[in-house]
Amino acid sequence: MNFPLYIAKRYIRSNSKNSAINIINRIASMGIIVGAMALFVVLSVFSGLKVFSLSFTNNIDPDLKISSTLGKSFTVDYNQEAQLKKLKGIVSYSKIIEERVLFVYGDKQEVTYLKGIDRNFPKVNPIEQTLYNGQWFEYNTAQVVIGYGLAQKLSIGLLDYNTNLEVFVPKPGRGGINSSQDAFNKTIIYPVGIYAISEDLDSKYVFADLGLAQDLLEYKSNQISGIEIKEKKGADESLIIDELNQIFDNKITVKNRAQLNESLYKMLNTENIAVYLIFTLVIIIALFNLIGALIMMILDKKGNLKTLFNLGVEIKSLRKIFLLQGTLLSFFGGLIGLALGIVIVLLQQHFEWIMITPTLAYPVVFSLENVAIVMGTIIVLGFIASLIASSRVSERLLE
């Protein structure tokens, strides 16, 4: 058996004759346990908040979105559409048109996005699940579905035929403008449903039939501003993007969900890193107790170390005893703390003890990635702390 490891295990299991050293050891162990537990719980909470925050955008953003690199719109011919249907990595795709337009209702007006969609859109995005009131619009009609936020801003009611909801779109072309009729295409639309996702998204889109949007913008029947795609589970995203670029001769930009919400992902990841660093600092402070406990142990075992040194044990091996002792204490302390943290997270997932609102439990997510991060952090920092403490063993100390 490895001699330093054997002695280190003996020192961990046995109590010192000095009660103060035993107390310091217990405090050091408790610091590691509590630090590991707190770090895992906090990381699980932020993972839950990340999933919760992204769940809103998942209802409205696709797995992949195609847009043109040459302008606002592009055309899709028969051959390109046939190749899209043959792609093995996708479940479905939907042709869309997005354009900022002016909505006027009575004496109120608001500028936001009109989103024209085809019949495949519900297969790509589960938008119909977000309906708050009314029903989804019928295709090839002037019916639309608006957001809850926009409905409040314009004071719109469903199936209100006393006041018309009008949409104004600037006409394409050049030349002078003599009247408002020359400047805008306009039509009357009829809200039949209201969706509710989040405060920001509820005012962003008005969903309408793709043909209606093409008529307003004077687009051709095969002219669109984008294609939204739903991937199959386990599909190779990079391979799909390469195939899409081949189909459209590299004249398109393809973005995944993370790229479509780049600022949101950056904010969530930055918050996660900040919290990790803060709690890592707490663990570092707690490990000062481990350094102190190991140094006290070295001084307490000075006589034994001197005997071993006189018997021919090298200083390097004596230092290794306390390096292993501290590392083992960190490992087992982290393991116990991690086990307690996992229990807390799983209990919150199943029993929802802590609530944000009366109907919404505090979101937590159990992740093996967080388990690895916590154990890796504890072991690395414990090893460094043990290395610092074990360096106190020297020939001068044993003289």
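Select Phe366 to begin: phenylalanine 366 is partly exposed, with a relative accessible area of 32% (buried means under 20%, exposed over 50%, and partly exposed in between, with a 1.4 Å probe and protein chains only). The model is a predicted one, where local features need pLDDT of at least 70 and side-chain atom pairs count only at pLDDT 80 or more, while totals for chains, interfaces and linings use all residues. Residues are numbered from 1 along each chain as its sequence is written, and side-chain values use heavy atoms, with hydrogens and water left out.

Phenylalanine 40 is buried, at a relative accessible area of 0%. The ring centres of phenylalanine 40 and phenylalanine 366 are 6.2 Å apart and the planes stand at 65°, so this pair is edge-to-face. Rings of Phe, Tyr and Trp (its six-membered ring) pair if their centres lie within 6.5 Å; planes under 30 degrees apart count as stacked, over 60 as edge-to-face and the rest as tilted. Phenylalanine 40 belongs to helix H2 (residues 19–58), and phenylalanine 366 to the loop between strand E14 (360–361) and helix H13 (368–390), 326 residues apart. Helices (H or I, at least four residues) and strands (E, at least two) are DSSP runs, numbered from the N terminus. The structure holds 13 aromatic pairs.

Next, select the aromatic cluster formed by Tyr113, Phe121, Trp136, Phe137, Tyr139, Tyr195, Tyr205 and Phe207. Two of its rings carry a charge. Arginine 100 has its charged end over the ring of tyrosine 113, 5.4 Å from the centre, and lysine 115 lies over the face of tyrosine 205, 4.8 Å from the ring centre. The criterion is NZ of Lys or CZ of Arg within 6 Å of the ring centre and within 35 degrees of the ring normal.

Of its 17 lining residues, Asp61, Lys204, Tyr205, Leu260 and Asn261 lie nearest the centre. H2, strand E4 (108–117) and helix H10 (262–300) are the elements that give two or more residues to this lining. On a 1 Å grid over the protein atoms alone, a pocket is an open set of points with protein on both sides within 12 Å along at least five of seven lines, a cavity is a set where a 1.4 Å probe fits but cannot get out, and lining residues have an atom within 4 Å of a point. Grid points are joined across faces, edges and corners, and a volume is the space filled by probe spheres set on the points.

Stay on strand E4 and pick Leu114. Leucine 114 is buried, with a relative accessible area of 5%. Not counting residues up to four places away in sequence, leucine 114 touches Ile97, Glu98, Glu99, Val101, Phe103, Val206, Ala208, Ala213 and Leu216 (contact means heavy atoms within 4.5 Å).

Move to Phe103. In the largest nonpolar core, of 42 residues, Ile66, Phe103, Ile227, Leu244 and Phe248 touch the most other members. Such a core is a set of buried Ala, Val, Leu, Ile, Met, Phe, Trp, Tyr and Cys residues joined through side-chain atoms within 4.5 Å. Strand E3 (residues 90–105) supplies the largest share of this core, six residues.

Finally, show the one cavity of 30 Å³ or more found in the whole structure. The largest cavity holds about 70 Å³ of space. Its lining includes Tyr105, Asp160, Asn164 and Tyr190. Strand E8 (residues 184–195) gives the most to this lining, with three residues.
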